[in-house]
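Here are my notes on the model, point by point. Please read them with the structure open.

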Amino acid sequence: MNLTKRKLLTGAATALGLAAAGLGAPALAQDKIKVGFVYVGPKNDGGWSQHHHEAAVEMANHYGDKVELIEQESVPEGADAERALTQMALSGASIIFTTSFGYMDPTLNVAKKFPNVKFEHAAGYKTAPNMGVYSARFYEGRAIQGYLAGKMTKSNTIGYIASYPIPEVIRGINSAYIHAKKVNPEVKFKIIWAYTWFDPAKEADAAKALIEQGCDVILQHTDSTAPQAAAQKAGNVYTFGQAADMAEFAPMPRISSIIDVWAPYYVARVGAVLDGSWESDNTWDGIGAGMVGIGEISSAVPADVKAEAEKMRDDIASGAYHPFTGPLKKQDGSDWLADGEVADDGTLAGMTFYVEGIEGDIPQ
Amino acid sequence: MDFSAINPAILLASLIVAATPILIAATGELVVERAGVLNLGVEGMMIVGAICGFAVTIETGSPALGFLAAALGGALLSLLFAFLTQFALANQVASGLALTLFGMGLSALMGQNYVGPKPAPTPELHIPLLSDIPFLGRVVFSHDLMVYLGLALVAAVWATLKFTRLGLILRAVGENHDAAHALGYKVVRVRVAAIMFGGACAGLGGAYISLVRVQQWVDGITAGQGWIALALVVFASWKPGRVLLGAWLFGGVDVLQLNLQAAGLAIPPQYLSMSPYLITIVVLVIMSADRSRAPGALGRIFHASG
């Protein structure tokens with residue numbers, strides 16, 4: 001839906017620019033490497049892309065003269081990304097980070113064409129000898145949001161602005177629902193699929209639609225702060241920062257957040273390229289390893305609820321508690337996890353079903 | 001499924017809000033195209049208007065000044081297009097696309113210090129008595145001034161094109177610029193004025209997004225709405241009334257589909273998501289099956305020697 005002409009054009013134009021920039025490049029000495037980053041949104045979207053960008057800058061500052069950062073923002077997912085990546089590889093990048101799920105196949109295709117360039121794809125599941133994947137266990141943070149949402153809602157109706165029906169988003173919905181339901185059996189989820197990662201007007205409309213239909217807590221899996229602004233205008237609605245802290249909306253409506261912490265990973269992986277030890281990896285870290293941060297739980301939350309949420313955070317970090325612990329059933333009523341059983345990573349990574357109690361179907 | 005949760009009054013009210021940005025921008029572009037100029041830079045002018053309006057509202061605290069600045073900003077940017085196409089005789093399609101790219105970059109640059117703050121709210125009019133009518137009061141009489149200005153704009157453009165001498169000249173220039181020139185009309189002057197009008201409207205539409213609909217600044221905030229406005233003009237066969245219908249259809253179906261999803265309608269959301277585009281196009285294409293056609297000189301370069 002968001003594949004507008006504008007984005008295609010921006011992509012094409014920047015690709016041209018990169019091609020021009022690449023002309024003089026190949027003869028450079030190898031003591032300085034180029035590190036490429038591709039973002040799905042603008043790099044100051046206030047959320048997902050901005051956080052990747054800031055982590056990239058932190059990584060570049062860490063290495064100083066040894067690293068040259070090349071970035072490209074607002075690259076549409078799909079075939080057009082392949083051109084942008086090809087241009088980046090041609091311009092001499094040693095390692096390229098592609099920071100959105102929809103870049104998975106384009107990254108894989110370009111990785112095959114450039115065996116000497118390393119690729120790192122965020123949030124996907126396909127790898128190659130020169131393509132690693134990395135992701136964060138956001139569902140751990142969703143568990144805490146679900147708990148807070150279940151405690152804070154008065155209408156027992158929680159809104160969820162989902163982006164695309166991919167495992168990562170579905171995992172988040174399930175995790176939030178399980179923990180909201182646990183503390184509030186009356187709770188219901190209303191889910192809107194926005195089919196965009198970033199479209200402030202549409203995200204705002206979605207938030208308004210949910211609020212009009214009685215939701216007083218809204219979770220979002222889209223990248224802009226527009227739903228926060230809509231909730232603030234409506235008054236008694238709680239939200240959570242997504243990907244970035246979004247602290248400018250605290251203490252109300254934003255009562256907590258999931259923060260992505262990418263910088264240490266970027267520093268480590270670029271370091272591995274510099275000393276020649278880079279190998280394709282499959283990294284999936286959560287709160288414990290520091291890749292997922294939980295933003296300050298604001299003063300709008302009662303102290304006992306806050307303490308309980310923080311305990312859950314610490315238990316997840318230490319490994320004492322797993323957000324997907326049985327007994328759990330799938331939406332169709334079939335058994336998924338037995339009492340005390342913990343979901344394995346394979347199932348989680350490819351999750352395409354709702355857990356029992358969520359209404360509606362996942363778009364196919 | 002629980003449709004009782006959808007309040008038709010609020011739904012219709014949000015429809016009108018959602019339609020306003022594309023309505024204003026498309027009306028401006030309609031005037032430009034009726035003057036024979038194809039400006040593909042609507043998206044760029046919208047987003048520059050969005051940041052101009054936002055920045056001025058933040059600095060002065062006055063949304064009215066903000067909207068004024070948005071119109072000025074859009075018009076100023078469109079002057080660049082006017083210079084390229086009317087004086088340097090550059091290709092209109094290429095210049096328009098360049099204007100969009102330029103506008104996107106410029107707005108990102110201008111907006112660097114404006115990510116975060118909240119603009120002063122644009123007050124919703126509360127008309128005594130009228131706003132208190134059940135249903136109708138909420139749907140029709142409880143909006144901010146820009147909604148009514150948008151409607152007035154459509155009516156004014158329609159009346160001007162149809163009934164006034166000014167409208168006649170504009171249409172003459174758009175249908176056959178050589179003939180208009182031979183009659184002594186200043187083709188370039190008329191077109192530059194039309195382009196600036198279009199720029200001002202696009203700016204207003206953009207500012208409506210940043211000041212009313214989203215109420216904050218983020219890069220790329222218009223997210224393609226300028227292109228929708230542009231398409232709307234064509235599908236509406238260059239007629240103001242149909243632009244209004246198209247904008248309401250588009251905004252309406254979009255808001256409706258989000259509400260239907262929230263209410264748990266069992267139609268797959270992919271279809272709901274594409275429905276605004278599909279329904280708007282189908283309705284307008286069916287309507288344009290009559291003798292409507294594009295202005296004769298649309299997109300053609302005029303030079304007095306020709």
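1. Start with A:Asp105, which lies in helix 4 of chain A. This is a predicted model. Is A:Asp105 buried, exposed or partly exposed? A:Asp105 has 16 other C-beta atoms within 10 Å. A residue needs 20 or more to be buried and 12 or fewer to be exposed. A:Asp105 is therefore partly exposed. Its C-alpha atom is separated by 9.5 Å from that of A:Ala81. Along the chain, A:Asp105 and A:Ala81 are 24 residues apart.

2. Now place helix 4 of chain A, residues 104–113. Which strands does helix 4 lie across? They are strand 3 (93–98), strand 4 and strand 5 of chain A. Helix 4 of chain A runs at about 170° to strand 4 of chain A.

3. Follow the chain to A:Ala128. This residue lies in the loop between strand 4 (118–122) and strand 5 (131–136) of chain A. A:Ala128 is partly exposed, because 16 other C-beta atoms lie within 10 Å. Leaving aside residues up to four places away in sequence, A:Ala128 touches A:Leu108, A:Ala111, A:Lys112 and A:Ser280. A:Pro115 is 13 residues from A:Ala128 in sequence. In space, the two are 9.6 Å apart, C-alpha to C-alpha.

4. In what order do its six strands run? The order is 2-1-3-4-5-11 in chain A, the sheet is open, and the pairing is parallel. Strand 2 (67–72) and strand 11 (282–285) of chain A are the edge strands. Each of these two pairs on one side only. Neighbouring strands are turned against each other by 15° on average, direction ignored.

5. Strand 5 and strand 11 of chain A run parallel and are joined by four bridges. A:Val133 stands opposite A:Asn282, which is in strand 11 of chain A. Then turn to helix 2 of chain A, residues 48–63, which packs on this sheet. Helix 2 touches strand 1 (33–38) and strand 2 of chain A. The direction of helix 2 makes about 165° with that of strand 2 of chain A.

6. Chain A has another open sheet of six strands, in the order 7-6-8-9-10-12. Here the pairing is mixed. Why is one side of strand 7 (188–193) and of strand 12 (292–295) left without a neighbour in the sheet? Both strands of chain A stand at the edges, and each has a single partner strand. The twist averages 15° from one strand to the next.

7. Strand 6 of chain A, residues 157–162, pairs with strand 7 of chain A in the parallel sense. The pairing extends over six bridges. One partner pair is A:Thr157 with A:Lys188, the latter in strand 7 of chain A.

8. Turn to chain B. How many helices and strands does chain B have? The count is twelve helices and zero strands. Chain B has a radius of gyration of 20 Å. This agrees with a compact globule of 306 residues, because such a globule would come near 19 Å. Along its principal axes, the C-alpha trace of chain B spans about 65 × 50 × 40 Å. Of the 306 residues in chain B, 54% are buried. Take the contacts in chain B between residues at least 6 apart in sequence: 79% of them join residues at least 24 apart.

9. One helix pair in chain B deserves a look. Helix 1 and helix 9 of chain B pack with their axes 7 Å apart, at an angle of about 170°. That angle is why helix 1 of chain B is roughly antiparallel to helix 9 of chain B. The contact between helix 1 and helix 9 of chain B has 17 nonpolar, six polar and two charged residues.

10. Finish where the chains meet. The contact takes 40 residues from chain A and 39 residues from chain B. On the chain B side, the elements giving two or more residues include helix 1 (8–34), helix 9 (187–213) and helix 11 (240–263). Helix 11 of chain B gives the most to this side, with seven residues. By class, the chain B side that touches chain A has 21 nonpolar, 14 polar and four charged residues.

Terms used
Residues numbered from 1 in each chain as written. Chains lettered and ligands numbered in written order. Predicted model: local features only at pLDDT ≥ 70, side-chain atom pairs only at ≥ 80, totals over all residues. Contact = placed C-beta atoms within 7 Å. Nonpolar A, V, L, I, M, F, W, Y, C, P; charged D, E, K, R; others polar. Axes fitted to C-alpha atoms, helices over the stretch in contact; angles between N-to-C directions. Parallel < 35°, antiparallel > 145°, perpendicular 65-115°, else oblique. Pairing = 2+ DSSP bridges. Rg over C-alpha atoms; globule rule 2.2 N^0.38 Å.
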